[in-house]
Structure formats: C-alpha cells, structure tokens
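Student: I would like to work through this structure with you, beginning with the ligand and then moving to the domains, the strands and the backbone.

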Amino acid sequence: MATRHVVIGGGTAGMNAIRTIREEEAARSEITLVSAEKPYSRMVLPYYLDRSIAESHVFTATPRVLADWGVKAHLGRRVTALDAKANACTLDDGTTLEYDDCLIATGSSAVRAPVPGADGRGVHSFWTLDEARAVLAEIAPGSHVVMVGAGFIAFTILNSILALGAKLTIVEMEPRILPRMIDDAGATLVEGWLAKHGVAIRTGARLATIEDAKGRKRLRFAAGGDIVCDVVIMATGIKTNLEWLKGSGVTINRGVIVDDHLRSSVPNVYAAGDIAEGRDLITGEPAVHAIEPTAQEHGRVAGANMAGKDVRYRGSLIINIVEVCHLDVASFGAWDEAKAEAASGVKPDRPAYRKLLWRGDRLTGAIILGPSSDIWTTNDVGMLKGLVQSGVSLARFKAYLKRNPFDIKPAFIASKTTSALLPETILGRPSKAPGNTPVAV
Ligand SMILES: Cc1cc2nc3c(=O)[nH]c(=O)nc-3n(C[C@H](O)[C@H](O)[C@H](O)COP(=O)(O)OP(=O)(O)OC[C@H]3O[C@@H](n4cnc5c(N)ncnc54)[C@H](O)[C@@H]3O)c2cc1C
C-alpha cells in the first residue's frame, strides 16, 4: 500500500515539504493537504499592498497544480484535533484522515495589543491575505495610517503604505524602533532617516485605548498626546498556531519541539516552519524562527525525511532584512548577544552602521545598515550573512575587520566563504547552475 502523508498547513513550509516528497520518494505516495487558507506566500503581501503585483501572483499553487502533483487538497478547512496514538486527525467538517506520517506546518497568527478598542472597525492586523485585502480597501491617498508596533513586520509594509500616498505614524512601546532586530545605535540612525522621509515616530508610547472619533480613530496613550487617524494597523507580534494540538501527545514548548530530522516527540509526526521549535544554527539551542528561509529549509528537510531519506538539519540562522525608504537594514545570528566580543563602526552622515560580533575567530552575529544606493551596502548584506552562516574561521582577518568593519570583501573572498556555502544544497545534493534546477534550496 502507498505511504499516506498528511500535510497540515499550505504555507511555505507545507508546500516545500510536498514538493520535496514528490522529488525524493522512491515510490509514489498519497499526499493529502489540509489548509485553512489556499497556498500563498505571506512574504509577498507588501507587494500586493502597494499594487506592484496582482492578487493572483500571491498564490504558490493553484488547485490545478496541486492536482498535477497528485495532492488531495482540503482547502478552507482546519484540522481541529490530532490523535498521535491513532495516527489520525480530525477536520472542522468532521472528516477524519488517517496517516502513516504527518507534517504540522500551521504557522503563526497576528496578535493585537490587549487594549480596549483593538478589535474595532478600522483596526487591522497584517498577516494574512484577507487582512491585506482589508487594509488595501481602507487606505486612500492622504489617509493617515498609524502603525502600532515598530517591529520587523511593520517595517516590511512601511514602503507600501507610503507608496499608497498615506501619511504614516509609527508608535512603539519600547524605547526604540526595531527592538528585536537592531541595537540602540542602529535604531537611532534608522529613526533619523525615516523622520527625514516624513514618517512620524513615537517611541516609549504605551497605547491605552482606541476609540471611534466621528468616522475616524482616536488613539489614547498612557502618557497623553492623542492621535486621530483613519486606519490603525496593529503590528504587535505573532503567536504560533498551537491550540489545536492540546492533548495530541506531541510535546510543545514555544512551538512543536523537533529534532535534527524535524521529527516531533512522536516519530511519525514532523513539524516545520513558524510552528516548529528547532535548532538555532549559532547557539545550538531550541528556537522558534518565524522567517521564510527557516520555513523553506524545514519544509525541504521534513519532506525529504518523510520521503524515506535520512537528512539531518544543521539548524536555522535568524535573518532579518528590510529596506525602508531606500535604506537597507539587516541583522543576522546572535546580533544581540551581550557577552560576545563586538566591534562597530558608524558613518552618521550616510547614514551607515556596522556591528560585528565574535566568538573566537568566528563571526556569530552582525548588524548592518546603509543607503541601498551605496552599492557596498547591498553586497555587504549578503557577504555578512554568508560569513555568519558558514561559520568560516576568520582568524587572519579578525583584527583587520574589527578596525575596519566597513571593509568586508577581502575577508569574505580570502576565507572561501562561497565555497563553504555552495557545494551542497540543504538536502545534500550538489549545487546546480540556475536553470538546471527548479528549486532554490
Ligand atoms: C507581511 C509579511 C511580510 C513578511 N516578510 C518576510 C520577509 O521579508 N522575510 C522573511 O524571512 N519572512 C517574512 N515574513 C514571515 C514569513 O512569511 C513566515 O515566516 C512564513 O510564512 C512561515 O511559513 P509557514 O509555512 O511556517 O507558515 P504560514 O505561511 O503561516 O502557513 C501556515 C498555513 O497553515 C494554515 N493553518 C493554520 N492553522 C491551521 C489548521 N488548524 N488546520 C489547517 N491549516 C491551518 C494557514 O492558513 C496557512 O495556510 C513575512 C510575513 C508577513 C505576514
């Protein structure tokens, strides 16, 4: 009998797993996908918001493509319970699906600040396609948009809101913007840059309530100073979609705990993407990394193992990259490790900033920001990521890099970082030239 795989969640992790099962399996299996939403990429929603892509370009697989892949799909359906002992899960329409193995890839959802009025009309999250549609329908040229929360997701949609002709104010409870992505020195430069580009920022601002104000919204703050606006976007964090796993027999902490094969505590139940708590590449500790590259890699590794291969995963690198008003801002790995040996450099006038963090002769974390028009900014974002990800020894270059954090290229080339990263893909296959392979990882 053909192996029966059930994939729960049709986002990045789930779709990468399905594609990998089909690529790696020795004999044709049965694949069933259950997904509350049609398969699409959340990461491209900012480009849908500023209308640079059509809605149809958001989707990663149509029902036709799924049928071509031989996937039986239950779209618009949720799994409500998993019984790992019985190897079965139950859907919200009462259907029961039995499996030989299953993948949990249910991702995360947006959470709103717990203040009165947070669920009112004109207040939005920005995590799903439905939420993106609702925001797009409300913003018109001249609208005043207030974004509550100055984290990574807020910054991914900042350009799009401005491109729609809206006036933007960002309010943040913490004393600085991007508190989980860059340090104080970097945040000060980004804040100054955004102010120059007409974005109002208020940090250390604790929101108290959101009220209706004659068809508009009034935000009241603990320290006073109301803001009246047209649209409120709550970018106040996300939570893993775990509730339905209670009583399933699968061990859960911040996410579903997985081993280096992406297996949960139940050997035929895998987890991947935002929902999985897997190994952090730099610290080796369990971590939830709610980012696209982790979802892709987890999906590939879980899919290969479900197809009968034996693929071990090294761990995922935390990667944060945004571009706001033509300023590139990025951080990698253990960028905020207080005990690490660190060296930084700043050019306030560009503005540009680098911070390199070391453990011994290896770079374990980095922060970089600078104008996108400075060609070295974009190049160095990639090179710094490569140096942290590969963990190559930089002994010969360390002293130089500490004195010259803006001159990365010689160390990157001489340490053969590219050859450390390129010979193998995540599945251990030899790398191929673009065009010779349909997949990126
Ligand atoms: C606006 C925006 C911009 C982003 N930009 C970036 C970026 O630039 N770089 C980056 O690295 N990351 C970015 N991300 C984050 C990235 O999109 C996520 O990390 C990625 O989507 C995670 O993939 P996933 O497959 O784990 O989960 P998801 O993509 O969230 O997919 C989960 C799927 O499971 C379904 N589901 C949930 N519960 C159930 C259930 N009980 N039963 C059945 N199905 C269920 C959901 O409907 C969904 O289809 C961005 C996210 C957003 C919202």
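Student: Which residues come nearest to the ligand?
Tutor: This is a predicted model, in which local features need pLDDT of at least 70 and side-chain atom pairs count only at pLDDT 80 or more, while totals for chains, interfaces and linings use all residues. Residues are numbered from 1 along each chain as its sequence is written. A residue is near a molecule if its C-beta atom, placed from the backbone, lies within 6 Å of it. There are 36 residues around the ligand, and those that come nearest are G9, G11, G107, G273 and I291.

Student: How many residues of the shell around the ligand are nonpolar, how many polar and how many charged?
Tutor: Ala, Val, Leu, Ile, Met, Phe, Trp, Tyr, Cys and Pro count as nonpolar, Asp, Glu, Lys and Arg as charged, and the others, Gly among them, as polar. By these classes the shell has five charged, 12 polar and 19 nonpolar residues.

Student: Which helices and strands each supply at least two residues of the shell around the ligand?
Tutor: Helices (H or I, at least four residues) and strands (E, at least two) are DSSP runs, numbered from the N terminus. The elements that each supply at least two residues of this shell are α1 (12-24), β2 (30-35), α2, α5 (152-163) and α7 (292-306).

Student: Which domains does the ligand lie between?
Tutor: The domain bounds come from an automatic or database domain assignment, and that assignment gives domain 1 (4-109 + 239-306), domain 2 (123-236) and domain 3 (326-421). Two of these domains give residues to the shell around the ligand, so the ligand lies between domain 1 and domain 2.

Student: Which helix gives the most to the side of domain 1 that touches domain 2?
Tutor: The centres of domain 1 and domain 2, taken over C-alpha atoms, are separated by 31 Å. Their contact, where two residues are in contact if their C-beta atoms, placed from the backbone, lie within 7 Å, takes 10 residues from domain 1 and 12 residues from domain 2. With four residues, the helix that gives the most to the domain 1 side is α2 (residues 45-49).

Student: Is strand β23 largely enclosed or open to the outside?
Tutor: A residue is buried if 20 or more other C-beta atoms lie within 10 Å of its own, exposed if 12 or fewer, and partly exposed in between, with C-beta atoms placed from the backbone. Seven of the seven residues of β23 (residues 327-333) are buried, so by this criterion the strand is largely enclosed by the rest of the structure.

Student: How many bridges pair β23 with strand β26?
Tutor: Two strands pair if DSSP finds at least two bridges between them. Strand β22 (residues 319-324) pairs with β23 in the antiparallel sense over six bridges, and the bridge partner of I319 in β23 is F332. Strands β22 and β23 form a hairpin with two residues between them, and C325 in the turn has a positive phi of about 50°. The pairing of β23 with β26 (residues 362-371) is also antiparallel, and its number of bridges is seven.

Student: What is the order of the open sheet of three strands?
Tutor: The pairing in this sheet is antiparallel, and its order is β4-β5-β6. Its edge strands, each of which pairs on one side only, are β4 (79-83) and β6 (96-98). Four bridges join β4 to β5 (residues 88-91), and the partner of L82 in β5 is C89. The order asked for is therefore β4-β5-β6.

Student: Is N87 buried, partly exposed or exposed?
Tutor: N87 lies in the loop between β4 and β5, and its phi is near 50°, a positive value in a residue other than glycine. With 18 C-beta neighbours inside 10 Å, N87 counts as partly exposed.

Student: Is K214 buried, partly exposed or exposed?
Tutor: K214, in the loop between β13 (207-213) and β14, has a positive phi of about 50° although it is not a glycine. With 6 C-beta neighbours inside 10 Å, K214 counts as exposed.

Student: What is the omega of the cis peptide bond that joins R350 and P351?
Tutor: Most residues other than glycine have a negative phi, and most peptide bonds are trans. P351 lies in the loop between β24 (341-347) and β25 (352-359), and the cis bond that joins R350 to P351 has an omega of about -5°.
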